[in-house]
Amino acid sequence: MNIDQLLNELRREGIRDERVLDAIASIPRELFVPEAQQPYAYENRALPIDCGQTISQPYIVALMSEALKLQGDESVLEIGTGCGYQAAVLSRLAGRVTTIERWEELSQQAQKRLTELEIDNVTFLVGDGSVELSTEERFDAIIVTAAAPALPDAYRKQLKDPGRIIIPIGEESTQSLMLYQLKNGEWKTTHLGGCRFVKLIGKNAWQPFAD
Ligand code: SAH
């Protein structure tokens with residue numbers, strides 16, 4: 001598959017937001033995967049990256065990005081930088097992106113890739129993203145790209161009103177992609193479908209953060 005075939009497949013699967021499709025078209029996914037995976041870079045599936053982690057399936061990146069309904073000037077927090085692909089896509093859709101990863105090595109690789117792509121509106125942090133950031137900053141949107149047993153309280157506290165959180169919730173083998181919307185102090189929860197992410201590992205997630 002090439003990028004045009006991938007974009008057609010995303011459209012067929014229901015992605016409608018042209019800003020999201022343009023953002024995906026503008027980020028070369030092959031730069032985000034190990035060399036051995038490069039022939040498969042435009043297939044619509046997750047692929048293995050370093051540190052036993054994965055780059056998300058393009059459809060899931062598109063679905064999550066679309067669900068955040070970004071207009072262009074928002075601040076977004078991403079938990080789980082991984083290879084940096086989702087952060088790169090978000091950098092085209094929002095004003096500012098902060099992304100946190102527990103593996104320093106992955107964070108550094110991601111940072112290098114985004115620098116090469118001349119993306120300068122992404123801040124990289126290393127640490128446990130299941131707890132509140134020390135900055136006490138509030139975000140318009142929070143996207144969690146690793147699966148948690150439940151919604152950590154930290155995310156509700158770090159969200160502006162109005163705001164949106166998207167997060168996979170569930171066990172290792174099956175998870176639900178959940179959208180939490182805050183408006184005028186009221187929370188609304190929507191189930192967006194099934195998915196399968198690697199585990200969110202941290203103090204408020206699957207096991208104590210011990211690195
Ligand atoms: N966003 C990535 C997919 C990341 S896979 C993409 O664009 O393809 C999930 C990532 O979450 C992994 O790299 C994993 O190391 C990281 N992760 C898991 N638990 C974490 C935590 N508590 N804090 C920060 N990152 C975490």
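Helices (H or I, at least four residues) and strands (E, at least two) are DSSP runs, numbered here from the N terminus. The model is predicted, so to speak of local features requires pLDDT of at least 70, and side-chain atom pairs count only at pLDDT 80 or more, while totals for chains, interfaces and linings use all residues. Residues are numbered from 1 along each chain as its sequence is written, and side-chain values use heavy atoms, with hydrogens and water left out.

Start with the empty space. Rolling a probe the size of a water molecule over the atoms shows where such space is left. The search runs on a 1 Å grid over the protein atoms alone. A pocket is an open set of points with protein on both sides within 12 Å along at least five of seven lines; a cavity is a set where a 1.4 Å probe fits but cannot get out. Lining residues have an atom within 4 Å of a point. Grid points are joined across faces, edges and corners, and a volume is the space filled by probe spheres set on the points.

The largest pocket has a volume of about 650 Å³. Its lining counts 37 residues, and Q53, T54, T145, A146 and V198 are the closest to its centre. By class, this lining holds 16 nonpolar, 14 polar and 7 charged residues. Here Ala, Val, Leu, Ile, Met, Phe, Trp, Tyr, Cys and Pro count as nonpolar, Asp, Glu, Lys and Arg as charged, and the others, Gly among them, as polar.

The ligand sits in this largest pocket; that is, more than half of its atoms lie within 2 Å of the pocket's grid points. Two or more residues of the shell around the ligand come from each of β2 (54-55), α4 (85-93) and β4 (96-101). The shell has 26 residues, with G80, Q86, E101, G129 and I201 coming nearest. A residue is counted as near if one of its heavy atoms lies within 4 Å. The shell divides into 10 nonpolar, 11 polar and 5 charged residues.

Now look at the polar contacts, pairs of N or O atoms within 3.5 Å. A backbone N or O atom of I201 lies 2.7 Å from a nitrogen atom of the ligand. For G80, a polar backbone atom is 2.9 Å from a ligand nitrogen. T145 uses its side chain: a polar atom there lies 3.0 Å from a nitrogen of the ligand. The protein covers 99% of the 590 Å² of accessible area that the ligand has on its own, by the Shrake-Rupley method with a 1.4 Å probe.

Turn to the second largest pocket, with about 280 Å³ of space. Of its 14 lining residues, D140, P162, G163, R164 and L182 are the closest to its centre. Strands β6 (139-144), β7 (159-170), β8 (175-183) and β9 each supply at least two residues of this lining. It divides into 5 nonpolar, 2 polar and 7 charged residues. P162 lies in strand β7, and the peptide bond from D161 to P162 is cis, with omega near 0°.

What lines the largest cavity? The residues are D17, R19, V20, S65, K69, L70 and L93. Its volume is about 30 Å³.

One backbone detail remains. E118, in the loop between α5 (104-116) and β5 (122-126), has a positive phi near 60°, though it is not glycine.

Notes. Polar contact = N/O pair within 3.5 Å; in protein donor to acceptor, adjacent residues only side chain to side chain.
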